[in-house]
Amino acid sequence: MALDRIYDPLRLSLATGAQLRHIAPMKAGIVGFSGSGKTTIFTALTGIAGQPGQRKDAVLGMIKVPDERIDFLVRINNPKKTTYAEICFVDIAGAALEQTESGLATHVVNEMRPVDAIVHVVRGFDNPALTRAPDPLRDMQNFESEMILTDLIQVENRLQRLIKEGNKGQERTLIESIKTHLEDNKPLRQKELSEQELGLLTGFKFLSLKPCIVLVSQPDDAVNAETDAKLVAEAQKNDLHVLSMAGRVEAEIAELDAEEQKEFLADLGLESSARNRFVKMAYRELGLISFLTQGPDDCHAWTIKRGTNARAAAGKIHSDIERGFIRAEVIGFEDFQKHGSEAACRDAGVFRVEGKDYEVKDGDVINFRFNV
Ligand SMILES: Nc1nc2c(ncn2[C@@H]2O[C@H](COP(=O)(O)OP(=O)(O)OP(=O)(O)O)[C@@H](O)[C@H]2O)c(=O)[nH]1
Ligand SMILES: [Mg+2]
């Protein structure tokens, strides 16, 4: 399926869980209980008006990741094409408020499976449509338990199947140890798993294994409020990262044009937009970095996980470059900025040739040499 049939970058569109799998940029699923303010946060992060209420399909919004390094490369190259890293936000249907003891509803799970990271919106504001008073800590813990329970049910089904087939191999041992972990109400992101074990588990797309940011949607008068310390402490116990914002205020600002946004943010004493604050935190907490490629045709930011080696990074651009990898020609961004061109960097001795195992650093300007 062609990507451009699924979504128009930077515009609103709809997709089913199955279509979501085909979207290449990092996908962040906005989830939470019904009426927690998810759609409002979707608007705050994307600037795109959301669709209120329950729907059949997930709503997508693409954003470009602001990157001053790309802005610099564009100024010196004036390229035909500029490509910022992108994040695709997915506004996912709300989860039922009551704890069901049977995990999350299937239509919610189907939309959550394909995402790379979870943005869990918890309600800190009074929603007149809901009878329960806001309680971010309660909602954070309940939704986490729902994700864990959903994984546990999946694991139990798999285990039964393996037992029936008489399987006594590696997968069964692993599934059994995962079951024990989940039964303790612990998320899989906290289980130590080897690369090989993670490989065996990719097909499951476990919810509690995905990195998760808890986003507390605060009332309108809490634009700059600190997140409750108890909530942060509890979140840390589960490797959850917390960010607070006044969702409705931020959504209104995000829909303004750039100049007006700046004024409003300054008036409110906010350093930058909700989107920028989110992206900065998400990259830091999810261990993401960008490397850059540049030239007269294209200046391009590529998002990878910290720790990725040169050869795997090349695969982000094209599988041929990964397969035929010869070497990576690397200049650190600060050196590039200081000297202004590849030639000047060579003269200054800051142009490096690295092999396939080189660990790519944030902001590396790279030219891959390959042969296929
Ligand atoms: N006071 C206040 N109200 C908000 C805030 N965010 C959302 N609301 C209101 O709460 C209601 C629900 O907000 P939505 O963003 O639609 O919540 P949702 O989680 O997407 O809801 P569902 O998709 O139905 O589960 C709406 O009436 C919003 O106007 C906020 O930050 N402050
Ligand atoms: Mg909604």
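## A buried tryptophan and its partner

Tryptophan 302 counts as buried, at 15% relative accessibility; buried means under 20% relative accessible area, exposed over 50%, and partly exposed in between, with a 1.4 Å probe and protein chains only. The model is predicted, so local features need pLDDT of at least 70 and side-chain atom pairs count only at pLDDT 80 or more, while totals for chains, interfaces and linings use all residues. Residues are numbered from 1 along each chain as its sequence is written, and side-chain values use heavy atoms, with hydrogens and water left out.

## Aromatic pairs

Rings of Phe, Tyr and Trp (its six-membered ring) pair if their centres lie within 6.5 Å; planes under 30 degrees apart count as stacked, over 60 as edge-to-face and the rest as tilted. The count by this rule is seven aromatic pairs. Phenylalanine 291 and tryptophan 302 form a stacked pair because their ring centres are 6.3 Å apart and their planes are at 15°. This pair links distant parts of the chain, with phenylalanine 291 in strand β9 (residues 288-293) and tryptophan 302 in strand β10 (residues 298-305), 11 residues apart. Strands (E, at least two residues) and helices (H or I, at least four) are DSSP runs, numbered from the N terminus.

Phenylalanine 291 is buried, its relative accessible area being 0%. Ring pairs also join Phe291, Trp302, Phe325 and Phe368 into a cluster.

Aspartate 297 is found in the loop between β9 and β10, and counts as partly exposed at 47% relative accessibility. Glutamate 263 belongs to helix α11 (residues 258-268) and is exposed, with a relative accessible area of 53%.

Technical notes:
Chains lettered and ligands numbered in written order.
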